[in-house]
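Student: I have a model open and would like to go through it with you. Could we take the metal sites to begin with and then turn to the fold?

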Amino acid sequence: MVTTPPPGAAGASGGVGPAASVQFGQYPPARQTILHLSDTHLLAGNVPLGGRYDTAANLRRTLVAVERLGIRPDAIVFTGDLTDLGEPAAYRALRAEIDPVARRLGAPVIWVAGNHDERPAMRRELLDRDPTEEPVTGVWDLGGLRLIALDTTVPGWHHGDLDDEQLAWLGAELASPAPHGTLLAMHHPPLPSHIPLFDILELRDQSRLARVIAGTDVRGILAGHLHYSTSGTFAGIPVSVAAATCYTMDLARPAAEVNGMDAGQSFHLVHVYDDTITHAVVPVVDAETGEYFSAAWVERMAALTPAERLEAFSRKPKR
Ligand SMILES: [Fe+2]
Ligand SMILES: [Fe+2]
């Protein structure tokens, strides 16, 4: 049932970018930085999704934004619905887009299965494994942080579930703690949604998962599926849902009338600290920004004493 990580993935730790190593506040730099993307929904031949969305172009825009960050992430996690119909050619197209980026960033790619995926094609085309219906799961050591990919998909259905065998495997993995705790990555979030259609397609029997992770070192859950960014807690554990790269749900509508739109795409920049984990939403937009802050500005601040920095940046001008 359990697949092993792709070659070179276990033990990977890419560190964080130079800017993140500057510390002006109370927290030391994050131990791990993870890119969390979701719901690419590629189609073979790049047929427009739903006749409307250019999913390949939207993924490329997202990847440009990813590389613009200038970081060396510890992992790139895709939380499912990698393709829309599970077509082998769509997985090959996805891999052709992601592999060069991952190589340049020096980070392992963690593929999580979603309800739109098909396990046999996903296993063969993305993981170079036998094309079976076995759940796509794995365990990574990201510099002492354990990341466990679960497979919440149910072949032939769009709702989510975790069977006894996968839950037993998860329990066995979690029996021994990792140095910096554990993150779970899964497609169907164990959270409610205010949108009726997602209630029908939710992860079923969530209390069983809650029992398995109770009292373990699980510090957070990364998920997708909803096509909008949200967060909550599940059995006391923070859950962070990344929106989609393909299209997102227009939440500025009554819940029963929420539909997709070709806007609002984003991904998450996850920083793992000793005492907390933050999930920053990175918008994929082309917008003009001010140019006040820069690496040179940070350098100038770094040259000051803490008191001088407060004076230079925190002091309000006298009226
Ligand atoms: Fe999706
Ligand atoms: Fe989904």
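Student: Is aspartate 81 buried or exposed, and what is its relative accessible area?

Tutor: This is a predicted model. In it, aspartate 81 is buried, with a relative accessible area of 2%.

Student: Which iron ions does aspartate 81 bridge, and how far apart do they lie?

Tutor: Aspartate 81 bridges the iron ion (ligand 1) and the iron ion (ligand 2), and the distance between these ions is 3.5 Å.

Student: Which residues coordinate the iron ion (ligand 1)?

Tutor: The donors are Asp39 (OD), His41 (NE2), Asp81 (OD) and His227 (NE2), at 2.0 to 2.2 Å. The angles among the four donor atoms run from 88 to 176°, and the site is irregular. Along the sequence, the spacing of these donor residues is D-x1-H-x39-D-x145-H.

Student: Where do aspartate 39 and aspartate 81 lie?

Tutor: Aspartate 39 is in the loop between β1 (32-37) and α1 (55-68), and aspartate 81 is in the loop between β2 and α2, so the pair ties together parts 42 residues apart in sequence. Aspartate 39 is buried, with a relative accessible area of 0%.

Student: And what coordinates the iron ion (ligand 2)?

Tutor: Asp81 (OD), Asn115 (OD1), His187 (NE2) and His225 (ND1) coordinate the iron ion (ligand 2), at 2.1 to 2.3 Å. Its donor residues follow the spacing D-x33-N-x71-H-x37-H.

Student: What is the geometry of the site of the iron ion (ligand 2)?

Tutor: The site is irregular, with angles of 85 to 163° among its four donor atoms. Aspartate 81 and histidine 225 link distant parts of the chain, 144 residues apart. Aspartate 81 lies in the loop between β2 (75-79) and α2 (88-105), while histidine 225 lies in the loop between β7 (218-223) and β8 (230-234). Histidine 225 is buried, as is aspartate 81.

Student: Now the fold. In what order do the six strands of the open sheet come?

Tutor: The order is β4-β5-β6-β7-β9-β8, and the pairing is mixed.

Student: Why is one side of β4 and of β8 left without a neighbour in the sheet?

Tutor: β4 (138-142) and β8 stand at the edges and each has a single partner strand, so one side of each has no neighbour in the sheet. The average twist from one strand to the next is 20°.

Student: How do β4 and β5 pair?

Tutor: β4 and β5 (residues 145-149) are antiparallel and share five bridges. One of the bridge pairs is valine 139 with isoleucine 148 in β5.

Student: What does α4 touch on the sheet?

Tutor: α4 packs on the sheet and touches β4, β5, β6 (182-185) and β7, with its direction at about 175° to that of β5. α6, in turn, lies across β6, β7, β8 and β9 and runs at about 65° to β8.

Student: Which residues touch the most other members of the largest nonpolar core?

Tutor: Of its 33 residues, they are Leu150, Leu170, Leu184, Leu209, Ile213 and Ile221. α4 gives the most to this core, with four residues.

Student: Last topic: how do β12 and β13 run, and how many bridges join them?

Tutor: β12 (residues 266-272) and β13 (residues 277-283) run antiparallel and are joined by seven bridges. The two form a hairpin with four residues between them. Phenylalanine 267 has valine 282, in β13, as its bridge partner.

How values were computed. Residues numbered from 1 in each chain as written. Chains lettered and ligands numbered in written order. Predicted model: local features only at pLDDT ≥ 70, side-chain atom pairs only at ≥ 80, totals over all residues. Heavy atoms only, no water. Donors = N, O, S within 2.8 Å, 3.2 Å for Na, K, Ca; no water. Tetrahedral: all angles 85-135°; square planar, octahedral: opposite > 155°, others 65-115°. Buried < 20%, exposed > 50% of the residue type's maximum accessible area, 1.4 Å probe, protein only. Pairing = 2+ DSSP bridges. Core = buried A, V, L, I, M, F, W, Y, C linked by side-chain atoms within 4.5 Å. Axes fitted to C-alpha atoms, helices over the stretch in contact; angles between N-to-C directions. Contact = heavy atoms within 4.5 Å.
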